[in-house]
Amino acid sequence: MTTDVHQLDDGAWISVNDSREINVSDLWLLARHEFCDCEMADFLAEGVVEVGVDAPDIAARFAGRCIQCGREGVTDWLTVGRVIDPDDGQFYGVVPESVHVPRKRTRLARPE
Amino acid sequence: MPSKVENWKSEVYGSEIREHLMEFAEEGWDAIPEDEHDAWFERFKWWGLYHQRSGQESYFMMRIGTPNGVIEPGQLEVIGEVAKEYATGPVDNPEFGEAYCDWTTRQSIQLHWIKLEDVPEIFEKLESNGLSTQQACGDSWRNIVGCPVAGKDKHEHIDAWPVAEDLHEEFKGNDDYANLPRKWKVSVTGCDQGCGQGDINDLAFEPAEKDGELGFNVRVGGGLSRKEPRFARDIDVWVPPEQASDVAAGMSALFREYGDREDRFNARIKFLVDEWGPEKMRRVLQEEFVDFELPTAGEDMRDQYTYNAGHDDGHGDHVGVHEQPDGNYYVGLDVLVGRMGADDTIELAELAEEYGSGEVRLTQRQNVIVTDVPEEDLDALLDEPLLEDYSPDPHPFMRGSIACTGSEFCSLSITETKNRQVRYARWLKDNVELPDGVQDFHIHLSGCTASCAQPQIADVSLRGMKTRKDGEPVEAFDIGLGGGLGEDPHFADWVEMRVAADEVPGYIENLLAAYEDQREDGETFREFIAAREEDALQDLATAEETSYEDPYMHNTKMTWYPYAEDDDMNASPAPTDGSGQPLATSDD
């Protein structure tokens, strides 16, 4: 079974295998990032811009703002969770408020 | 490559969704295959059903589209009864009770906690009374808005109500326009005050005279969402009322054919107008989508616009007692943040029958209007106890308040909105003196950048945010100032960012004190803000705690329902069956 990932409702949330898994409005701590000049960005996710699958990781780019410095923009790719076994499709989400390192590339989730 | 939503739409969309919806309703929530949830919930929007946010699975928001906000005699009672019978959730709202109706900024009605299993009965009740949820959400012609007193207004040059009715009849359920790249919002106005808010719609018809004939100038590509606000652009076209439908058909067909179906974030027609410019919009409309020569724009009436225009002598809403051209009166009532209890709604319907024609209208400021009240009945209506809660003469802080749905039900919102705005308005009324001469002061609170509360066209704009207070994340707002419509509309300037929610009332108090202290003679608030540079605006006032207390500082989005005693996501009863009993989930 392939893992089906998309963002819906104007980027309000990420669906993984037709289950709502990641919502906007969480704060994400970003380290080793280029989003802003803060050593650790305190990033408010306001909208999902793009989603991708780089098995087993599910990744997304979010629009939002660092609430420390106020910089607005779109993040690089953040791992939002994993589907370890595509056959059972079980999603294991990351904890947004722990530290995340954005990466430059991932494979885009495309419509089938 | 078309987006996933486009793929779902290409399989099933438009009127045909209903048949599936009814089957699912008959069989129950469980009948929707789990791997088709997203596709069906996207499609159900076309029939006015929007799946509520995480933690509230199996419950829907239902939107009823009432063109131009006109609720015909007998319909309001039905709406109230439907709300009372079907729009009750597992937990009451502490401000509004167990069942309520929301009057929206697009003159529509929203009910919450609707169960799929109840949809057939609700549709039966609504449709047998001339009401419908068709195309209230989704990628199609949405509810048509306009001056809420069209046909009953002394400032009117053209009665826009028959035009709005024509458009509603023509484009609701019309398969040719059922599947557009994105939502399609239309405004039609015939008065010279600008209260149709055409500037923030995808397509606007505004009154204009051409060679001695009254008709409409056409503007395209307005909208407020996603930090990309645009005012509708003038495409230099005039139409007589009888051809408005042809031009509307042409422009929505242009959108259907040329709108972006690959990137939903770039799909609204405002982005096509950005790309093409008004001249090309006009040329393509003329060459490909209408079969008569489009006249150039006529002489508009924008220099007379007074609605939300930032003038002292303007008008900010339709609240109050106003004479109609036929000698009767309309009475505009303030509904704080647009939410009215179901029992109050039914009582209002009775009052409208008793004192007026039974008709009630909704405004784009989330208020209601009782129309057609004979002069001799005015005093008795004004003496009714219901009008103590929904006043025709409210305090400016009450009448100026607008709030969107917020994290109570909405997936996109960052913050709690309606209950908070109620508390803000009450605190401001009790604690802050408005500067002399200020009659209208608009504070619009939107939980996110979607801008459903239209924050950018308010005196004070509040947009949902987060910040940290004592190291803890709390709900907050970006604050914008000086927005409004009128001849020269202006979006609010974002001045103060990430203000903790409990410091917003203190900021507004300080802001108004600064305005009173520093304003020139006769300078309106909007002029006062426009006259200052960014640095000066930032120095104008500080945010601070006051006696105001905010019970929603925590991350309300993390709860299943912010007002539940046990609000933890795991305590949610959802999803439930048709009787509201929790269903076992596949994880159990």
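## Helix α2 of chain B and its partners

In this predicted model, helix α2(B) meets helix α3(B) through B:Ile17, B:His20, B:Leu21 and B:Phe24 on the α2(B) side and B:Trp40, B:Arg43 and B:Phe44 on the α3(B) side. By class, this contact is made of 5 nonpolar residues, 1 polar and 1 charged. α2(B) covers residues 17-27 and α3(B) residues 37-44; their axes come within 10 Å and cross at roughly 120°. An angle of 65 to 115 degrees would count as roughly perpendicular and one over 145 as roughly antiparallel, and the pair is therefore oblique. The crossing of α2(B) with α3(B) is left-handed.

Helix α2(B) also packs against α5(B), residues 119-127, with axes that come within 9 Å and cross at roughly 130°. This pair is therefore oblique too. Here α2(B) uses B:Arg18, B:Leu21, B:Met22 and B:Ala25, which meet B:Val119, B:Pro120, B:Phe123 and B:Glu127 of α5(B). The contact of α2(B) with α5(B) has 6 nonpolar and 2 charged residues, and no polar ones. B:Leu21 takes part in the contact with α3(B) and in that with α5(B).

## Helices α6 and α7 of chain B

Another helix pair in chain B is formed by α6(B), residues 161-171, and α7(B), residues 244-258. Their axes come within 10 Å and cross at roughly 45°. The two helices are therefore oblique to each other, and α6(B) passes α7(B) in a right-handed crossing.

On the α6(B) side the contact involves B:Val163, B:Leu167, B:Glu170 and B:Phe171. They meet B:Ala244, B:Ser245, B:Ala248, B:Ala249 and B:Ser252 of α7(B). Sorted by class, the residues of this contact are 6 nonpolar, 2 polar and 1 charged.

## Domains of chain B

Chain B is divided into domain 1 (4-127), domain 2 (150-304), domain 3 (320-386) and domain 4 (399-554). The C-alpha centres of domain 3 and domain 4 of chain B are 29 Å apart.

Between these two domains, 7 residues of domain 3 are in contact with 14 residues of domain 4. The area buried between them is about 1,000 Å², with 46% from carbon and sulfur atoms. In domain 3, the residues that lose the most area to domain 4 are B:Val337, B:Arg339 and B:Arg365, which together give 59% of what that side buries.

## The interface of chains A and B

The contact between the chains takes 34 residues from chain A and 42 residues from chain B. Chain A and chain B bury about 3,000 Å² between them, and 48% of this lies on carbon and sulfur atoms. On the chain A side, A:Asp10, A:Asp18 and A:Arg20 lose the most area to chain B, together 23% of what that side buries.

## Backbone features

Each chain has a cis peptide bond between an alanine and a proline. In chain A the bond joins A:Ala55 and A:Pro56, with omega about 5°; A:Pro56 sits in the loop between β5 (41-54) and β6 (57-66). In chain B the bond joins B:Ala574 and B:Pro575, with omega about 0°, and B:Pro575 belongs to the segment after α16 (534-540).

Positive phi values occur at two residues that are not glycine, A:Asn17 and B:Asp372. Phi of A:Asn17 is near 50°, and this residue is found in the loop between β2 (13-16) and β3 (19-23) of chain A. For B:Asp372 phi is about 65°; B:Asp372 lies within strand β16 (residues 368-373) of chain B.

Terms used
Residues are numbered from 1 along each chain as its sequence is written. Chains are lettered from A and ligands numbered from 1 in the order in which they are written. This is a predicted model: local features need pLDDT of at least 70, side-chain atom pairs count only at pLDDT 80 or more; totals for chains, interfaces and linings use all residues. Side-chain values use heavy atoms; hydrogens and water are left out. Axes are lines fitted to C-alpha atoms, for helices over the stretch in contact, and angles run from 0 to 180 degrees between N-to-C directions. Helices (H or I, at least four residues) and strands (E, at least two) are DSSP runs, numbered from the N terminus. Angles under 35 degrees count as roughly parallel, over 145 as roughly antiparallel, 65 to 115 as roughly perpendicular and the rest as oblique. A crossing is left-handed if the near helix is turned anticlockwise from the far one by less than a right angle, and right-handed if clockwise. Contact means heavy atoms within 4.5 Å. Ala, Val, Leu, Ile, Met, Phe, Trp, Tyr, Cys and Pro count as nonpolar, Asp, Glu, Lys and Arg as charged, and the others, Gly among them, as polar. Domain bounds come from an automatic or database domain assignment. Buried area is the accessible area (1.4 Å probe) that two parts lose on being put together, summed over both.
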